[in-house]
Number of protein chains: 2
Amino acid sequence: MNDERPEIPDTDPSTWGTPEGRHMIRLLWDPPEPAGRGPKQKLTLDQVIEAGMAVAAADGVDKLSMRNVAAKLGVGAMSLYTYVPGRDELFELMIDRAYAVRSMPDRMLPWREQVEIHAREAWDMYQTHPWLIRSNLWRMPLGPHVMDAQEDLYRAVSLTGLPHREVARIAGLVESHVFGVARSAITDTSVSSNTGVTADEYWDSRSSFWGTYYTPERFPTMTAIWESGAFEQALGDEIEFGLARLLDGVEILIERRTDR
Amino acid sequence: MNDERPEIPDTDPSTWGTPEGRHMIRLLWDPPEPAGRGPKQKLTLDQVIEAGMAVAAADGVDKLSMRNVAAKLGVGAMSLYTYVPGRDELFELMIDRAYAVRSMPDRMLPWREQVEIHAREAWDMYQTHPWLIRSNLWRMPLGPHVMDAQEDLYRAVSLTGLPHREVARIAGLVESHVFGVARSAITDTSVSSNTGVTADEYWDSRSSFWGTYYTPERFPTMTAIWESGAFEQALGDEIEFGLARLLDGVEILIERRTDR
DNA sequence: TCTTCTCTCCGTACGTCGTACTGAATAAGT
DNA sequence: ACTTATTCAGTACGACGTACGGAGAGAAGA
């Protein structure tokens with residue numbers, strides 16, 4: 001997560017940026033004003049967002065099309081554009097919505113526990129909304145819930161007293177870890193929405209590999225790990241091991257600093 | 001990275017799996033047989049893969065369409081299907097190709113150095129081929145170069161002497177870290193291929209956010225980090241800090257084990 | 001040599017997608 | 001009652017992956 005802030009002219013903030021950008025920011029932060037003139041809206045923005053999440057949950061994120069979402073709502077596809085600027089923007093709104101249910105750790109706890117709670121909270125979120133992983137989102141939306149979660153993670157990490165640069169890196173480290181574990185867990189569980197192929201079917205289809213090209217001589221370590229059953233998922237502690245190693249490393253860093 | 005192996009009947013391996021799966025595995029592992037009967041091919045599989053990589057490098061992975069790749073080669077779109085089963089499969093071949101240039105660390109080095117070299121090698125690869133990050137690939141292809149790199153990382157990590165389950169987790173931890181840092185670095189550098197918007201343009205368009213909804217009171221830690229300049233990229237040591245913390249944590253684990 | 005069979009190349013076409021444009025219906029402000 | 005802003009949605013355009021089928025090339029069998 002990398003947040004840059006551009007140079008800004010010192011005028012009225014409500015004219016900064018582009019109209020589209022302003023529109024999107026408003027959608028994320030302000031409830032949509034109910035409109036004065038024309039006919040009443042058949043739906044609310046929330047309904048559209050929730051329908052989008054329902055489609056993504058049911059059929060996978062590749063099936064998240066304007067037509068599908070509209071169909072789920074019993075509306076024409078183009079009608080959605082009065083609620084939302086476009087597909088990508090709808091997706092941003094869905095993401096911020098997914099972050100909304102996250103609870104923040106008690107600020108009185110030691111930093112390490114707070115970070116752990118944050119990580120578990122993120123892990124739960126990825127379990128609940130696997131489409132967060134499937135999406136190749138390349139930038140977090142600037143929505144209130146996403147930003148609050150970010151801030152809270154940074155806050156927890158900075159309780160270490162480490163310099164800002166290292167706080168930022170450690171926060172990123174934690175997030176990458178959770179994301180990575182979630183990605184591999186979800187990959188094994190779910191279905192490729194592109195093709196409708198389950199994980200099992202994928203491995204079945206390529207099973208010729210194991211007989212013809214995979215040899216224990218070429219891949220001795222992977223073979224040993226495989227045969228030990230260590231590739232199988234553990235139950236519930238997926239992120240814990242890596243998180244523990246990672247935060248142990250941070251604690252060492254703190255000790256080294258204070259020794260000086 | 002999670003590798004499952006399905007149950008396999010004890011017969012001729014060349015009949016395992018599906019025809020499509022076998023085709024793909026052969027494309028990855030064996031040079032394509034030059035075909036007996038019909039007209040000579042105008043291209044080679046390698047040319048197709050390289051054209052795909054060229055398109056992805058030039059215009060981004062979203063522009064990687066069969067039509068675009070074919071155009072780059074001066075061929076009809078459908079002709080590609082004699083070389084490659086489809087778009088997804090072409091992409092798998094491109095990935096294995098990207099891994100091909102990676103060099104393996106000296107096996108005589110201590111495990112930690114080997115893992116570090118592996119991580120830097122991956123980092124370099126992501127820098128060279130940013131489309132590896134942009135793609136929301138959900139499973140690594142079973143190609144020789146990808147598999148060799150995997151095996152070598154597992155091998156290096158198992159020099160720690162830790163149990164297999166932990167070796168697997170630590171390897172995943174390292175990969176997630178490099179992937180995460182690469183993702184955020186590439187996001188800041190490059191262009192959203194969907195929209196053709198650069199990172200700068202993105203921040204400009206949304207700059208109204210900073211004036212209207214972002215307040216230092218709500219986001220004190222992010223503000224402090226921002227003002228210290230810590231969000232700016234360092235030069236060259238992007239992955240080093242996190243990697244050091246992470247491997248410090250692993251070393252502690254090893255010490256604890258041997259103390260017993 | 002002539003036929004047959006297989007393989008390459010690729011034009012056409014179908015169903016999907018995001019969304020620009022347009023126009024009809026609607027309701028508030030005047 | 002008239003004006004004006006807004007919603008809803010049909011149609012259409014240009015992208016996409018790729019199924020299908022046909023034309024032509026060249027090796028194998030007669």
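This briefing covers the symmetry of the chains and the domain arrangement within chain A. The model is predicted. Chain A superposes on chain B with an RMSD of 0.0 Å, and chain A is divided into two parts, domain 1 (13-98) and domain 2 (103-259).

**Relation between the chains**

- In chain A, A:Gly249 has the C-alpha nearest the axis, at 2.0 Å from it.
- Of the interface residues of chain A, 99% are also interface residues in chain B, so the copies meet through the same surface.

**Domains of chain A**

- The centres of domain 1 of chain A and domain 2 of chain A, taken over C-alpha atoms, are separated by 29 Å.
- Contact between these domains involves 15 residues of domain 1 of chain A and 16 residues of domain 2 of chain A.

**The side of domain 1 of chain A that touches domain 2 of chain A**

- At least two residues of this side come from each of α1 (19-29), α2 (45-59) and α4 (87-100) of chain A.
- The most is given by α4(A), which supplies 5 residues to this side of domain 1 of chain A.
- By residue class, this side of domain 1 of chain A divides into 9 nonpolar, 1 polar and 5 charged residues.

Definitions and conventions: Residues numbered from 1 in each chain as written. Chains lettered and ligands numbered in written order. Predicted model: local features only at pLDDT ≥ 70, side-chain atom pairs only at ≥ 80, totals over all residues. Least-squares fit on C-alpha atoms with pLDDT ≥ 70 in both. Contact = placed C-beta atoms within 7 Å. Domains from an automatic or database assignment. Helix = DSSP H or I, 4+ residues; strand = E, 2+ residues; numbered from the N terminus. Nonpolar A, V, L, I, M, F, W, Y, C, P; charged D, E, K, R; others polar.
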